[in-house]
Amino acid sequence: MNISPDNKAVIVLRDVEKSFGQVKVLHGVSFEVARGQVTVLIGRSGSGKSTALRCMDRLEKVDAGYIEVCGHVVTDPALELRKLRLDVGIVFQSYNLFPHLTIGENIMLAPRSVKKLPKKEAADLARATLAQVGLGDKFDAYPEQMSGGQQQRAAIARSLAMQPKVMLFDEVTSALDPELTGEVLRVIERLAADGMTMVMVTHEMGFARRIADQLVFMHQGKIWEKGHGSILDAPRTPELQRFAAQEL
Amino acid sequence: MEVSLDFSPIFERWPMLLDGAIVTLLLSVAATVSGFLIGTLCAAGRNSRFRIVSAICAIYVEAIRNTPFLVQIFLIFFGLSTLGFTLSAITVALLALTINVGAYTGEIMRAGFDSVHAGQWEAAECLGLSRLQTYWHVVLFPAAERVFPSLSSQFILLMLASSITSQISVPELTGNANYIQGVSFRPLETYLVIGVMYFILSVIMRQIFNLIGMVAFPRRRRLGTPL
């Protein structure tokens with residue numbers, strides 16, 4: 001089931017199934033993401049979007065099915081997790097910055113301890129990624145001294161500093177007010193423009209439609225429709241129809 | 001009723017009390033360092049994926065927390081000599097204090113580790129950090145910062161409890177005081193004096209812990225806010 005070299009899919013999910021105890025959250029989810037493409041998972045809370053995303057980074061183990069990310073077979077029990085994580089960056093709803101470290105230290109930690117970069121180089125890298133997300137002056141600040149939007153942008157910078165091939169965003173603006181949401185989304189848009197391969201879960205429908213090369217609509221653990229942003233304008237299934245009517 | 005206090009026989013033997021205080025302090029500092037190491041390892045061990053490791057740590061903690069310190073000292077003291085080890089009383093005291101405070105520290109540190117949000121572990125894992133690196137860079141310092149007041153109290157309690165090692169004739173503060181009251185026939189004065197000395201030692205230790213906190217937790221030093 002490996003992907004032939006001419007196929008440019010960087011991420012492949014095939015028939016992925018996942019249950020938490022008695023509750024089945026993914027019923028055979030399949031989609032692919034090409035290099036440089038932005039895929040946005042939409043759907044109601046509890047539809048399985050976040051779980052699908054977390055499975056791609058092996059934060060959850062699937063019960064059945066096949067997942068491949070950047071050539072790593074995520075569903076292989078013998079997978080070397082660290083190699084997968086070097087290629088995949090993930091940003092969470094709750095930022096998860098390390099509160100006892102400055103923003104600079106937060107960003108330098110993984111390059112220094114995982115990639116063994118010298119301190120000077122790691123600091124340069126941290127300053128560069130901070131500038132990229134518009135936080136050039138926050139190197140010495142602690143997370144608690146910054147707004148939620150700034151913290152989330154710092155978390156994005158922390159992931160970017162590991163130079164991943166793929167970025168995953170799990171409802172990264174759900175804890176933010178509209179103004180702060182805007183500044184985070186602008187950073188993500190710029191990343192998309194730079195050609196980063198991304199998968200994101202979001203409730204920002206306008207943004208999803210604008211940025212997505214591929215929209216994936218999930219409902220009760222299944223994919224009902226996928227395609228261009230236009231699927232929202234002409235839903236083929238009553239499920240997406242209802243969702244679109246509520247959200248737009 | 002007439003009370004007559006005469007401190008002169010005690011102050012005559014002042015150097016002995018000072019030596020005792022130094023032994024008490026050194027014993028406490030050494031047991032604090034080794035007990036913190038053991039306690040932290042034990043706390044991590046209880047969260048281990050390997051059941052045998054967490055079981056051993058749990059048994060250790062429960063065995064120590066549910067028996068008196070004096071009994072523990074005697075068990076180690078007589079147990080080791082029965083097994084043919086001839087250790088000095090002070091070595092046995094250090095061993096017993098370490099084992100004792102290690103168990104209590106283990107419980108305190110476990111509370112600290114549990115206070116670190118699962119999202120922190122996940123973030124570290126996703127950045128490629130190993131479990132050991134995550135403990136060291138991400139979990140240990142915030143955990144220790146949150147439980148630092150409890151840790152300091154526990155180690156001061158350890159210093160006070162070290163007086164029990166006088167029972168195996170360790171020449172620490174209480175041991176030397178026992179001798180002095182025996183030869184001076186002034187027990188009340190003797191124990192009043194060492195009571196004050198213990199109080200001063202406690203204050204000194206508290207200051208030392210404040211300094212350690214300033215150095216170990218730069219965020220708290222700069223912002224002054226709790227984590």
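Predicted model: local features only at pLDDT ≥ 70, side-chain atom pairs only at ≥ 80, totals over all residues.
Visitor: What distance separates the backbone oxygen of Arg51(B) from a polar atom of the side chain of Ser54(B)?

Guide: Residues are numbered from 1 along each chain as its sequence is written, and chains are lettered from A and ligands numbered from 1 in the order in which they are written. A polar contact is a pair of N or O atoms within 3.5 Å, where within protein one must be able to donate a hydrogen and the other to accept it, and residues adjacent in sequence count only if both atoms are side-chain atoms. Between the backbone oxygen of Arg51(B) and the side-chain polar atom of Ser54(B), the separation is 3.0 Å.

Visitor: Is Ser54(B) buried or exposed?

Guide: Ser54(B) sits in helix H3 (residues 51–65) of chain B, helices (H or I, at least four residues) and strands (E, at least two) being DSSP runs numbered from the N terminus. Leaving aside neighbours within four places in sequence, Ser54(B) is in contact (heavy atoms within 4.5 Å) with Gly45(B), Arg46(B) and Ser48(B). With a 1.4 Å probe and protein chains only, under 20% relative accessible area is buried, over 50% is exposed and anything in between is partly exposed. The relative accessibility of Ser54(B) is 17%, so Ser54(B) counts as buried.

Visitor: What is the C-alpha to C-alpha distance between Ile64(B) and Val101(B)?

Guide: Ile64(B) also belongs to helix H3 of chain B, and, because its relative accessible area is 9%, Ile64(B) is buried. Not counting residues up to four places away in sequence, Ile64(B) touches Gln72(B), Ile99(B), Asn100(B), Ala103(B) and Tyr104(B). Although Ile64(B) and Val101(B) are 37 residues apart in sequence, the distance between their C-alpha atoms is 8.8 Å.

Visitor: What is the relative accessible area of Phe85(B)?

Guide: Phe85(B) is found in the loop between helix H4 (69–82) and H5 of chain B. Its C-alpha atom is separated by 28 Å from that of Thr40(B), 45 residues away along the chain. Phe85(B) is classed as partly exposed because its relative accessible area is 47%.

Visitor: Why is H7(B) described as roughly antiparallel to H9(B), and at what angle do they pack?

Guide: Axes are lines fitted to C-alpha atoms, for helices over the stretch in contact, and angles run from 0 to 180 degrees between N-to-C directions. Angles under 35 degrees count as roughly parallel, over 145 as roughly antiparallel, 65 to 115 as roughly perpendicular and the rest as oblique. Helix H7 (residues 131–161) and helix H9 (residues 187–216) of chain B have axes 10 Å apart and pack at an angle of about 165°. H7(B) is therefore roughly antiparallel to H9(B), the angle being about 165°.

Visitor: How does H5(B) lie relative to H7(B), and which orientation class applies?

Guide: The axes of helix H5 (residues 89–115) of chain B and H7(B) come within 8 Å and cross at roughly 135°. H5(B) therefore lies relative to H7(B) in the class called oblique.

Visitor: How many charged residues does the contact of H5(B) with H7(B) have?

Guide: Residues of H5(B) including Leu97(B), Val101(B) and Tyr104(B) meet residues of H7(B), among them Tyr135(B), Val139(B) and Arg146(B). Ala, Val, Leu, Ile, Met, Phe, Trp, Tyr, Cys and Pro count as nonpolar, Asp, Glu, Lys and Arg as charged, and the others, Gly among them, as polar. By these classes the contact has 16 nonpolar residues and five polar ones, and the number of charged residues is one.

Visitor: Is the crossing of H2(B) and H9(B) left-handed or right-handed?

Guide: The axes of helix H2 (residues 14–46) of chain B and H9(B) come within 11 Å and cross at roughly 35°. A crossing is left-handed if the near helix is turned anticlockwise from the far one by less than a right angle, and right-handed if clockwise. H2(B) passes H9(B) in a crossing that is right-handed.

Visitor: What share of the residues in chain B is buried?

Guide: Chain B has 10 helices and zero strands, and its C-alpha atoms fill a box of roughly 70 × 50 × 30 Å along the principal axes. Of the 227 residues in chain B, the buried share is 44%.

Key. Heavy atoms only, no water.
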